[in-house]
Protein chains: 2
Amino acid sequence: MTDLLAEMKRVKTRVDDLILDELLPRSSAIKEVDLLYKMMQDYPKRQAKGMRPFLCVTTCGAAGGTEDDALLTAACIEMFQNWILIHDDIEDGSELRRGEPALHRKYGEALALNAGDALHARTWEAILLNGSRIGLERTFAVMEEFSHMVNETTEGQHMELGWVAEKRWDLNEKDYYEMCTRKTSWYTVASPCRLGAIVAGAGRVTLDQLREFGISLGIAFQIQDDSLNLAGDQKKYGKVKSDDILEGKRTLILLHLLAVASQGERDKVISIMNKQRGAKSAADVSYVVSLIERYDAIGFARKKATELMKEAVSTLNGIEWKGDRDAAEMLTSFARFAVEREW
Amino acid sequence: MTDLLAEMKRVKTRVDDLILDELLPRSSAIKEVDLLYKMMQDYPKRQAKGMRPFLCVTTCGAAGGTEDDALLTAACIEMFQNWILIHDDIEDGSELRRGEPALHRKYGEALALNAGDALHARTWEAILLNGSRIGLERTFAVMEEFSHMVNETTEGQHMELGWVAEKRWDLNEKDYYEMCTRKTSWYTVASPCRLGAIVAGAGRVTLDQLREFGISLGIAFQIQDDSLNLAGDQKKYGKVKSDDILEGKRTLILLHLLAVASQGERDKVISIMNKQRGAKSAADVSYVVSLIERYDAIGFARKKATELMKEAVSTLNGIEWKGDRDAAEMLTSFARFAVEREW
């Protein structure tokens with residue numbers, strides 16, 4: 001696991017240098033535009049794990065490509081992650097991101113929304129730079145996967161927000177998996193791996209296996225994220241504790257609680273969850289948390305996460321890698337990390 | 001002028017069919033995702049002039065290309081216009097768009113913001129379809145221009161929002177032109193024309209001339225837009241009258257007023273303009289409007305718009321077109337329309 005963390009950090013440093021030194025504009029003589037550039041650099045400069053760029057370059061290595069060929073695409077995935085987090089934080093009304101105030105809390109929603117768009121556009125501009133390194137055809141394949149990734153993510157985000165907006169609670173485990181596949185799995189695991197494989201020139205079979213691996217592991221990753229939101233160390237985790245309850249999120253933990261709680265408890269939990277963020281009292285949150293503990297809903301969800309991780313590893317073991325064996329093994333370590341991490 | 005309007009309408013219809021029938025997803029079995037698709041189709045289905053797709057296909061024709069080759073790119077420009085308007089309406093707190101409630105007024109800000117992102121991603125996905133028709137290299141050139149267009153637009157949007165957020169009034173005509181070039185000129189005139197020319201295979205000289213044409217005419221277009229916001233027929237124009245005053249916009253009209261008004265009037269106008277949207281009374285708006293009338297600030301701005309339009313036409317006349325002469329003449333008609341239109 002130490003190797004994995006060191007490797008993630010090494011790749012993250014390379015990607016950060018590329019983003020901040022070459023891909024993002026650094027300064028403008030026009031005062032307002034200069035502030036926009038500063039805002040675009042804000043999230044990229046905050047501490048983050050860098051899992052997605054790691055998955056991209058590591059899969060590229062396992063599939064027989066070079067790290068240098070995958071680095072730009074890995075940086076673009078990280079840029080994507082940053083712009084979508086800016087918008088996600090506005091949509092969720094989040095206060096903290098990576099241990100600091102969310103961008104819209106620092107600069108207001110209008111400027112932050114626009115800065116997210118600016119970063120989105122710069123992401124596509126950066127992808128185009130692939131052309132001179134990996135050729136036009138492969139760059140096209142990268143862009144197709146990339147646009148698929150963004151499509152899935154916005155659909156998942158809509159599902160989650162739509163459930164809250166429409167106060168929907170007639171949801172089960174399958175609904176949660178459908179939402180998570182779109183909201184999390186594609187951009188967290190499936191596409192980062194597939195993009196690395198595409199850069200390396202991998203074939204259809206490998207890409208299909210990586211989709212399967214990514215979907216299972218992405219859901220497992222999200223379940224662990226939901227667990228940390230409730231039971232994690234806020235300082236390590238970098239978000240407000242129990243934010244998901246404040247935001248009314250339909251996590252597997254909460255859906256399980258609703259499935260096993262008594263009718264009275266169920267009604268009370270739903271009425272609390274349906275309140276607007278600002279209307280939820282500390283006692284409301286404590287009540288929901290205490291029921292989650294009483295019914296061991298986190299334990300239930302973590303068991304599911306472990307099962308999904310094992311499925312993912314089994315798919316991974318079926319891939320016939322053409323490149324670096326160590327890189328392939330590192331992907332297995334990552335799978336375990338996704339469900340065991342504390343941040 | 002009748003020919004121009006008919007031609008704009010004809011192109012718009014073709015582009016709309018392409019967007020709604022082929023480029024946007026139509027329906028999903030998942031209820032929430034289906035709502036997202038409906039939201040993505042909302043602005044594209046509203047009535048609009050279709051100036052940008054018209055400029056793209058017409059310039060392509062003038063530069064010796066075919067309409068069919070330019071149509072997809074024209075549709076992508078229209079898709080871009082739609083997603084950025086969704087976000088622009090949220091950023092400005094606008095109520096109406098094209099005569100109907102803005103998207104975030106219908107569905108809430110979170111879902112509308114996300115739908116804008118979804119449409120943004122679909123725009124890039126659609127551009128990629130050019131590959132099989134105009135080849136990979138030309139498609140790359142289209143994407144480079146497109147990303148430049150989005151970069152300029154977000155920078156201009158940031159300048160305008162930043163001025164409001166920082167209560168800046170130490171601005172002159174040149175500042176307004178700098179902002180307008182970025183916010184309006186690139187995506188309204190320069191890039192639509194240049195994209196059409198790129199599809200037709202035009203050279204660097206023509207592209208430079210189209211940039212110059214587009215920047216001048218784009219500013220003229222924006223000045224006319226600012227005038228209509230204050231003095232236009234709301235039913236034709238489709239936005240709330242005097243919205244720019246409510247939003248605190250630094251229009252050329254307002255900057256001119258501040259330059260010529262007495263110190264007392266100037267102070268009062270600034271203190272009104274600095275109020276939050278909701279804090280501005282009807283009397284506040286009337287006061288500003290009455291001063292604008294007294295100093296004929298709209299007349300001043302329109303004169304500037306006409307000068308800029310004439311500069312643009314003079315640049316246009318210097319272009320050596322390789323294609324359809326009628327198309328080239330249509331661009332001149334459009335230049336006049338941009339400053340004479342009432343909607």
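The points that follow concern a predicted model.

1. Salt bridges overall. The whole structure holds 65 salt bridges over all chains. Side chains of opposite charge can pair when their charged atoms come close.

2. A contact between chains. E166(B) and K31(A) form a salt bridge, with an N to O distance of 3.2 Å. The pair crosses from the loop between helix 8 (136-165) and helix 9 (173-199) of chain B to helix 2 (residues 31-45) of chain A. E166(B) is partly exposed at 35% relative accessibility, whereas K31(A) is exposed at 51%.

3. A link within chain A. D69(A) and R133(A) meet in a salt bridge of 2.7 Å, N to O. Because D69(A) lies in helix 4 (residues 67-92) and R133(A) in helix 7 (residues 131-134), the pair ties together parts 64 residues apart in sequence. D69(A) is partly exposed, at 22% relative accessibility.

4. A link within chain B. The closest N and O atoms of E100(B) and R46(B) are 3.7 Å apart, in a salt bridge. E100(B) belongs to strand 2 (residues 100-101) and R46(B) to the loop between helix 2 (31-45) and helix 3 (51-62), 54 residues apart. R46(B) is buried, at 3% relative accessibility, while E100(B) is partly exposed, at 33%.

5. Positive phi angles. K167(A), which is not a glycine, has a positive phi near 50°; this residue sits in the loop between helix 8 (136-165) and helix 9 (173-200) of chain A. D296(A), also not a glycine, has a positive phi of about 45° and is found in the loop between helix 15 (282-294) and helix 16 (297-317) of chain A.

Notes:
Residues numbered from 1 in each chain as written. Chains lettered and ligands numbered in written order. Predicted model: local features only at pLDDT ≥ 70, side-chain atom pairs only at ≥ 80, totals over all residues. Heavy atoms only, no water. Helix = DSSP H or I, 4+ residues; strand = E, 2+ residues; numbered from the N terminus. Salt bridge = Lys/Arg side-chain N within 4 Å of Asp/Glu carboxyl O. Buried < 20%, exposed > 50% of the residue type's maximum accessible area, 1.4 Å probe, protein only.
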